[in-house]
Amino acid sequence: MAVVGLEQMAAMPVAERANFKIFQQLSMGTPVRVGGRITGPGALTTTDGGSVSLSGLEVAQSENFTEVVGTKSGDAALAVAGVVQLPAGEVDVELWDEAVKMSHMPQLRPLFAPNHSDGLNTARAGS
């Protein structure tokens with residue numbers, strides 16, 4: 001798995017996953033993760049068929065499924081902080097898109113929301 005911009009992503013607040021429809025509803029400056037394929041210079045085709053313009057970090061075109069992390073900078077624009085490229089192979093984009101939509105359903109949102117604790121509760125919960 002290729003990762004670019006790891007330090008920039010680590011310095012950001014936790015970014016929520018979004019497809020194009022959800023991305024359009026977010027406020028400017030919102031940290032966000034959008035999955036899809038880099039289909040051209042500075043262009044991401046999302047799992048629900050939208051197109052997001054990418055700026056900032058140089059992102060190479062790839063056939064692999066990619067998750068781009070950054071902040072919303074326009075209605076269909078993302079200022080890129082980092083990129084996570086999944087290994088070669090098929091990704092079920094419909095399943096990915098449905099999982100993203102589920103994470104925004106009011107009744108399921110708490111299951112996907114980041115834990116804003118100091119990390120101690122999370123670490124102790126599994127021990």
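**Figure 1. Overall view of the predicted chain.** Residues 24 or more positions apart account for 57% of the contacts with a separation of 6 or more in this chain, a contact being defined by heavy atoms within 4.5 Å. The model is predicted, and local features therefore need pLDDT of at least 70, side-chain atom pairs count only at pLDDT 80 or more, and totals for chains, interfaces and linings use all residues. Residues are numbered from 1 along each chain as its sequence is written, and side-chain values use heavy atoms, with hydrogens and water left out. The chain has five helices and seven strands, where helices (H or I, at least four residues) and strands (E, at least two) are DSSP runs numbered from the N terminus. Along the sequence these elements follow the pattern β-α-β-α-β-β-β-β-β-α-α-α. Of the 127 residues in the chain, 39% are buried, meaning under 20% relative accessible area, with exposed standing for over 50% and partly exposed for values in between (1.4 Å probe, protein chains only). The chain exposes about 7500 Å², of which carbon and sulfur atoms supply 56%; accessible areas come from the Shrake-Rupley method with a 1.4 Å probe, and for residues only the protein chains shown count as cover.

**Figure 2. Close-up of the nonpolar cores.** A nonpolar core is here a set of buried Ala, Val, Leu, Ile, Met, Phe, Trp, Tyr and Cys residues joined through side-chain atoms within 4.5 Å. The largest such core has 17 residues, of which F23, V32, L44, V52, L54, V68 and L78 touch the most other members. Two or more residues of this core come from each of α2 (20-25), β3 (31-40), β5 (51-56) and β7 (77-85). A second, separate core holds six residues, among them M9, V69, A81 and V84. When neighbours within four places in sequence are left aside, L44 is in contact with V34, G36, R37, I38, G50, S51, V52, L54 and V68.

**Figure 3. Close-up of strand β3 and the strands that pair with it or follow it.** Strand β3 is mostly covered, with seven of its ten residues buried. Strand β2 (residues 16-18) runs parallel to β3 and is joined to it by three bridges, two strands being paired if DSSP finds at least two bridges between them; in this pairing R17 stands opposite R33. Strand β4 (residues 43-46) pairs with β3 in the antiparallel sense over four bridges, and T46 in β4 is the bridge partner of G36. The β3–β4 hairpin has two residues between its strands, and G42 in the turn has a positive phi of about 70°. Strands β4 and β5 also run antiparallel, joined by three bridges, with A43 standing opposite S53 in β5. In the hairpin that β4 and β5 form, four residues lie between the strands, and G49 in the turn has a positive phi of about 90°.

**Figure 4. Close-up of the salt bridges.** The structure holds five salt bridges, each a side-chain nitrogen of Lys or Arg within 4 Å of a carboxyl oxygen of Asp or Glu. The side chains of R109 and E16 meet in one of these, at 3.1 Å from N to O; because R109 lies in helix α4 and E16 in strand β2, this pair ties together parts that are 93 residues apart in sequence. R109 counts as partly exposed at 35% relative accessibility, as does E16 at 24%. E67 forms a salt bridge with R33, their closest N and O atoms being 3.0 Å apart, and since E67 lies in strand β6 (residues 66-74) and R33 in strand β3, the pair ties together parts that are 34 residues apart in sequence. E67 counts as buried at 3% relative accessibility, whereas R33 counts as partly exposed at 21%. The side chains of K101 and E98 meet in a salt bridge at 3.0 Å from N to O, and these two residues, three apart in helix α3, are separated by about one helical turn. Salt bridges that share partners join R17, R33 and E67 into one network.

Figure 5. M102, M105, L111 and F112 make a nonpolar surface patch of about 400 Å²; patches consist of residues with over 30% relative accessible area and no salt bridge, like charges being joined within 9 Å and nonpolar side chains (Val, Leu, Ile, Met, Phe, Trp, Tyr) within 5 Å. F112 lies in helix α4 (residues 109-112) and counts as partly exposed at 45% relative accessibility. G89 lies in the loop between β7 and α3 (93-102) and counts as partly exposed at 43% relative accessibility. G89 and N64 are 25 residues apart in sequence, and their C-alpha atoms are 7.1 Å apart in space.
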